[in-house]
Amino acid sequence: MAEHFAQLSDPHLTSLESVQARDLINKRALGYLSWRRRRRHEHSPQVLAALQDDLASNAPGNQPLAQLLVTGDLTHIGLPDEFQQARAWLEGLGKPTDIALVPGNHDACVSAPWDSTFALWRPYMAADGDSGAAADPIEFPTLRVRGGIAFLGVSTGVPKAPLMATGTAGTAQIKRLRELLLATKKRGLFRVVYLHHCPARGREKWRKRLTDAALFQDMLEVNGAELVVHGHGHRRHYTQLSTRDGATPVIAVPSASALALHGADMAQYNVFSVQRVDKGWKLDVNARVYEPASGAFLPDESCSIELLRQHAGD
Ligand SMILES: [Fe+2]
Ligand SMILES: [Fe+2]
């Protein structure tokens with residue numbers, strides 16, 4: 001029996017209408033100007049509402065999703081008020097146990113007090129069994145297991161210099177991810193790694209890259225994963241990383257709210273179905289893309305990928 005989950009990214013759902021530019025400094029001021037010029041036209045609340053309707057009315061196999069992965073950039077410049085707006089949106093989307101969130105570079109735009117920012121999102125980022133208080137930071141990577149699937153969330157959003165949109169996972173997180181990949185492989189789980197930045201070397205512009213993609217990729221090549229999903233580029237693309245366990249698809253989804261006004265792709269989210277088969281897993285990927293004429297998300301490209309794997313215990 002197939003298990004289903006979905007991913008959306010980069011909703012950039014917040015409004016900065018009430019923000020005064022003179023109150024902002026450094027990187028936030030530049031981000032605010034970019035929002036005034038372009039981003040407020042590109043990212044539409046109507047598109048996000050249509051996405052939410054589509055999620056509710058097109059459940060694959062009429063089953064609830066095992067998880068909805070949200071891979072960062074909910075905000076524009078990471079202001080506390082934006083974290084409040086995003087928290088309200090997340091609550092409208094579903095329960096924290098059903099939605100798995102990692103931060104993006106816009107959310108971690110500058111160094112800001114945890115209590116007024118990421119603490120508000122904590123339940124949506126937390127690993128299974130995490131009973132920490134709002135004030136406690138999250139230790140990434142996080143692990144959630146639903147049925148036969150392990151969801152491994154990696155945070156790459158860290159404050160960077162103005163004009164830079166890079167991300168960094170860090171050696172400690174990569175080391176812990178390695179341990180979690182090994183442990184979940186032993187349990188025979190289908191391992192999904194979700195993060196904001198692209199972990200495949202050379203796929204993203206220099207100022208938008210994951211600075212430690214080489215280290216990340218080297219680790220993945222040794223320890224494997226069945227799927228990696230990310231956002232950040234606001235474009236769809238597909239690549240594969242070869243690992244000792246077999247090929248790992250790396251799939252980028254465009255922004256969930258985009259109207260494709262400035263060269264980025266139209267709003268999209270992806271639905272994944274996983275089925276265990278004799279020689280590994282079958283992974284179906286179904287893209288749903290916003291169509292402005294109908295104001296609705298419609299089925300777009302789909303593909304079926306055979307992942308050849310030796311199951312634990314075989
Ligand atoms: Fe983004
Ligand atoms: Fe981003």
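1. In strand β9, Val-250 is the bridge partner of Thr-239. Strands β8 (residues 237–243) and β9 (residues 246–252) run antiparallel and are joined by seven bridges; His-237 stands opposite Ala-252 in β9. With two residues between them, β8 and β9 form a hairpin. Strands pair when DSSP finds at least two bridges between them. Helices (H or I, at least four residues) and strands (E, at least two) are DSSP runs, numbered from the N terminus.

2. This is a predicted model, in which local features need pLDDT of at least 70 and side-chain atom pairs count only at pLDDT 80 or more, while totals for chains, interfaces and linings use all residues. Residues are numbered from 1 along each chain as its sequence is written, and chains are lettered from A and ligands numbered from 1 in the order in which they are written.

3. Residues are in contact if their C-beta atoms, placed from the backbone, lie within 7 Å.

4. The chain as a whole has six helices and twelve strands. Its radius of gyration is 18 Å, close to the 20 Å that the globule rule gives for 314 residues, so the chain is as compact as a globular protein of that length. The radius is taken over C-alpha atoms, and the rule is 2.2 Å times the number of residues to the power 0.38. Of the 314 residues, 44% count as buried. A residue is buried if 20 or more other C-beta atoms lie within 10 Å of its own, exposed if 12 or fewer, and partly exposed in between, with C-beta atoms placed from the backbone.

5. Which residues of helix α3 are buried? They are Glu-82, Phe-83, Ala-86, Leu-90 and Leu-93. Seen down the axis of α3, these fall within an arc of 100°, so they line one face of the helix; the arc is that of the directions from the helix axis to the C-beta atoms. The face turned away from the buried side carries the exposed residues Ala-88 and Gly-92. The cover over the buried residues includes α2 (45–57), β2 (68–70), β3 (99–101) and α4 (122–125).

6. Asp-10 has a positive phi of about 50° although it is not a glycine, and His-12 has one of about 40°. Asp-10 counts as buried, with 26 C-beta neighbours inside 10 Å; His-12 is also buried, with 25 other C-beta atoms within 10 Å.

7. A further backbone feature is the cis peptide bond between Phe-140 and Pro-141, with omega about 0°. Pro-141 is placed in the loop between α4 and β4. Most residues other than glycine have a negative phi, and most peptide bonds are trans.

Key
Two residues are in contact if their C-beta atoms, placed from the backbone, lie within 7 Å.
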